[in-house]
Amino acid sequence: MTARILVVDDIPANVKLLEARLLAEYFDVLTADNGRDALDICDRTQVDVVLLDIMMPEMDGFEVCERLKSNPRTAHIPVVMVTALDQPSDRVRGLKVGADDFLTKPVNDLQLISRVKSLVRLKTLSDELRIRHDGARQIGLDEGLRLHDGRLDEQAQILLVDSRGASQERIIKSLKPIASVIAMSDPQASVFEAAEHAYDLVIVNSNLEDYDPLRLCSQLRSLERTRFIPILLITEHGDEQMIIRALDLGVNDYIVRPLDPNELVARTLTQVRRKRYNDRLRNSVRQTIELAVTDGLTGLHNRRYLDTHLRTLFARAMARGRPLTICMTDIDRFKQVNDMHGHDAGDDVLKEFASRIRSTVRGADLACRFGGEEFIVVMPDTPADVAKTVAERLRAMIEMRPFQLRSGETPLMLTASMGLATLGPGIVTPEQLLKQADNALYEAKNSGRNRVVAAAA
Ligand code: GH3
Ligand code: MG
């Protein structure tokens, strides 16, 4: 794992110490001895994690952190507060300004490396999603994608797997201000529970009876529906082997008994905030993809979508020897609608036309706007005669019901022509099928419009 770590401390000896340890793990290390330089470096270069001293002259670590988290260009960089004071109040204050983690001086090697690695891993995932999000939309970071905020919009939903009632109660009580916690003592049942409900975090207490806690973690990581849920492991003091293996398995963070309630809250918040941020990014990427395959005016799929999916449906029908018919339809004399009633009226007609298509075809059919006033319906498992009935029904539905316009003008009487083509001998590519449907449509237009023509088999 290569990543660039920025170490910020006003005491040169402290910087040297952390730098040497990180270099030994092959991290790329940058250093700064004051807050202003640190902000400058983060703004100008790609930094993956910041290790930040709290007590520094001029600008202290809290202020540096706050500024990093309120700048959209740097808000996503994880910040680890490094402090000599192991004061709960410092941690709470760090949390308020958006710190992602804490380390106490003298810094323990395992803690340093494992925390940094876990934050780098989280950031790599966010970065990848962010690049896709930005690339697709070219709009930089949305307001809705901010991460710095210490509060949560709504209570975190947490699943706690813990064999002991007393310990369950203590954890539930500590997390009460920020989370609603479901506690379970049966590890196997907890995997199903995690898969079935939308949890923000699973906390696994390593005190499980007769069950390897790492086995549970690995099950959660390998199931499709739970693999993105963060896992926080509670371990025994000194159990470094377990921690190393847990982090290798993809456990996001760990906390050592006896539990400090403030630390538990801080680590929980960090994981939940990151997860929600990544969820939002993932949704936004999904939405962008949807936009890319949807026609903006009618909401039907667009031609790009048709091109890929027709290929799939075509190949499937060929392979299984199943029938497949496509219907290409075009509004008759549509240009006149635009010319006589304006472009907006034309758009109204297209929207209504699309919605009539949608209401006529089956769920398994694929309806697309092919371009302009041309639409295509792909009908899997549909032989020519059945498709002809469907097309006739659509044709009648266009002809019988006038089209309302937003302008309130007299509704328009319109018709449409349709060309059908069915998979058969001589057709080996989707393009040939489209071409046949196009020919049939041409014939329908030429022979008087407002009719359905099926291409000769
Ligand atoms: P035909 O019966 O032969 O199909 O005649 P037509 O007038 O429907 O066909 P033509 O291809 O001559 O005209 C299609 C018109 O559709 C021309 C174009 O301006 C219009 N058009 C294409 N896309 C849109 C759109 O998104 N909105 C509107 N309002 N008009 C569109
Ligand atoms: Mg037309």
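**Ground rules.** I number residues from 1 along each chain as its sequence is written, and chains are lettered from A and ligands numbered from 1 in the order in which they are written. In this predicted model local features need pLDDT of at least 70, side-chain atom pairs count only at pLDDT 80 or more, and totals for chains, interfaces and linings use all residues, while side-chain values use heavy atoms, with hydrogens and water left out.

**Domains.** I began with the layout: domain 1 covers 1-107, domain 2 covers 146-290 and domain 3 covers 303-454. These bounds come from an automatic or database domain assignment. I then looked up the C-alpha centres of domain 2 and domain 3, which lie 51 Å apart.

**Magnesium ion (ligand 2).** Which residues are its protein donors? I found Asp330 (OD), Ile331 (O) and Glu373 (OE), at 1.9 to 2.3 Å from the ion. Donors here are N, O and S atoms within 2.8 Å of the metal (3.2 Å for Na, K and Ca); water is not among the atoms, so sites may look incomplete. Along the sequence, the donor residues follow the spacing D-I-x41-E. I noted that Asp330 and Ile331 are both buried (under 20% relative accessible area, with exposed over 50% and partly exposed in between; 1.4 Å probe, protein chains only).

**Helices α12 and α13.** I checked how α12 (residues 334-341) packs on α13 (residues 343-360): the angle is about 140° and the axes are 6 Å apart. That is why α12 counts as oblique to α13. Axes are lines fitted to C-alpha atoms, for helices over the stretch in contact, and angles run from 0 to 180 degrees between N-to-C directions. Under 35 degrees is roughly parallel, over 145 roughly antiparallel, 65 to 115 roughly perpendicular, and the rest oblique. Helices (H or I, at least four residues) and strands (E, at least two) are DSSP runs, numbered from the N terminus. From α12, Phe334, Val337, Asn338 and His341 meet His343, Ala345, Gly346, Val349 and Leu350 of α13; contact means heavy atoms within 4.5 Å.

**Ile77.** I found Ile77 in the loop between α3 (61-70) and β4 (79-83). Its relative accessibility is 3%, so Ile77 counts as buried.

**Thr268.** Where is Thr268? It sits in helix α10 (residues 261-292). Thr268 counts as buried because its relative accessibility is 0%.
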